[in-house]
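Here's a quick briefing to keep beside the viewer. Have a look at the model first, and then we'll walk through it topic by topic.

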Amino acid sequence: MSDTDVIRTHRLTRYFGSRPVVHDLDFAVPRGQIVGLLGLNGAGKTTTIRMLLGLLEPTRGSCEVLGTDSRELTPSDRARIGHTVEGHFLYPWMRVRECERFGRETHPQWDGGFFERSIRRFGIDSDAKVAWLSRGQRAGVSLASTLASNPVLLILDDPALGLDPVSRRALNETILEFCESGERSVLLSSHLLDDVERVADRVALMVDGMMVVNTTIDDFRNRIASWVIEAPASPTTSEALSTPIPIPRFVNCRPVGERWQLTVVDPGDDTHAALAAIENSVIEPVEVTFEDAVLAYLSRSRVYHSFYTEDAS
Ligand SMILES: Nc1ncnc2c1ncn2[C@@H]1O[C@H](COP(=O)(O)OP(=O)(O)OP(=O)(O)O)[C@@H](O)[C@H]1O
């Protein structure tokens, strides 16, 4: 990890009762980067974000945001962090343009142009009253207000929830414009793999409270490989392929119709030797998309191989 990280966690752990919901998390968000935080429902993303924002105490370990321990963030630190965890409060009786004026009067670094452009992308009429807006439109005004206050770090927890496809595109474009200068950073928790692939530089993937992938999107895509294996159907074949098989850096093997799709990280000579040892089978490499790579990790309850880049672990 480097001095330019805007978020750093050190063995961050949180229990609820006797259950570890976030477990020994070590990860970082480098300055100027957009990091997509992925994981199934209940993986621990919101709990992690709440600890980062100082809204929840870690049971063990620690986290720093903008160089300060999250438990000690001052109001001026908080003014530099935009987040949607508790939503940007909007007065229902205000018109959208009054929200803009209110933001300008209450935030010294307010960027009115950014607010206007974001609202336009979401197709929101600035004469409309907040109370008249749909849930998705309110989310658009809330996001525009959070970003126009000019934070250096943005933490978004599932911001696309309930947005239609046009608003989702507006959200992505707004995030990308926000990061255009290369100085601002975003931690974006999401279930939308396409959107994360489109906007993020890095992917951080949580399974059962643990970080199992933490690298750049390109590195992740390039280092995962898959093969389709056609083997005679028999109880022993399915048992052999569906339980951890002795293939180095094995991630997952799942049935696809009558065949099996096997996924590994960093294939090498040892992988090919292990594949060749599967008897009576036809084995073909298949192209792996970002979505395939993520699903290979998410579709197993147990993770056999964690994936970190050296600098981020
Ligand atoms: N206050 C709490 N008390 C007890 N358990 C909790 C509490 N908050 C969260 N949990 C549990 O911790 C686990 C992780 O929850 P969390 O909200 O962090 O998951 P998530 O990855 O954000 O999920 P989602 O994608 O559904 O938003 C869940 O099993 C949840 O039920």
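Two strands pair if DSSP finds at least two bridges between them. Strands here are DSSP runs of E with at least two residues, helices are runs of H or I with at least four, and both are numbered from the N terminus. By that rule β5 and strand β6 (residues 68–69) pair in the antiparallel sense, over two bridges.

Some housekeeping before the details. This is a predicted model, so to speak: local features need pLDDT of at least 70, side-chain atom pairs count only at pLDDT 80 or more, and totals for chains, interfaces and linings use all residues. Residues are numbered from 1 along each chain as its sequence is written.

**Domains**

- The protein splits into domain 1 (5–208) and domain 2 (221–302), with bounds that come from an automatic or database domain assignment.
- The C-alpha centres of domain 1 and domain 2 lie 36 Å apart.
- Six residues from domain 1 and five residues from domain 2 make the contact, where two residues touch if their C-beta atoms, placed from the backbone, lie within 7 Å.
- On the side of domain 1 that touches domain 2, the elements giving two or more residues are α7 (193–199) and β10 (202–207).
- That side of domain 1 divides into five nonpolar residues, no polar and one charged.
- For these classes, Ala, Val, Leu, Ile, Met, Phe, Trp, Tyr, Cys and Pro count as nonpolar, Asp, Glu, Lys and Arg as charged, and the others, Gly among them, as polar.

**Around the ligand**

- The ligand is surrounded by F16, V21, G39, N41, G42, A43, G44, K45, T46 and T47; a residue is near a molecule if its C-beta atom, placed from the backbone, lies within 6 Å of it.
- Helix α1 (residues 45–52) gives the most to this shell, with three residues.
- By class, the shell around the ligand holds three nonpolar, six polar and one charged.

**Sheet β13-β14-β12-β15**

- Four strands form an open sheet in the order β13-β14-β12-β15, and the pairing is antiparallel.
- β13 (250–256) and β15 (282–286) stand at the edges with a single partner strand each, so one side of each is left without a neighbour in the sheet.
- From one strand to the next, the twist averages 25°.
- Strand β12 (residues 224–230) pairs with strand β14 (residues 259–265) over six bridges in the antiparallel sense, and the bridge partner of A225 is V264 in β14.
- β13 and β14 also pair over six bridges in the antiparallel sense, with N252 opposite T263 in β14.
- The hairpin of β13 and β14 has two residues between the strands, and G257 in the turn has a positive phi of about 60°.

**Strands β1, β5 and β6**

- Strand β1 (residues 5–16) and strand β5 (residues 60–65) pair in the antiparallel sense over five bridges.
- E64 in β5 stands opposite R8, and E64 also stands opposite D69 in β6.
- The hairpin of β5 and β6 has two residues between the strands, and L66 takes a positive phi near 50°.

**Helix pair α5 and α6**

- Helix α5 (residues 135–148) and helix α6 (residues 165–178) pack at an angle of about 0°, with their axes 11 Å apart.
- The axes are lines fitted to C-alpha atoms, for helices over the stretch in contact, and angles run from 0 to 180 degrees between N-to-C directions.
- G136, G140, L143 and L147 of α5 meet S167, A170, L171, T174 and F178 of α6.
- The residues of this contact divide into five nonpolar, four polar and no charged.
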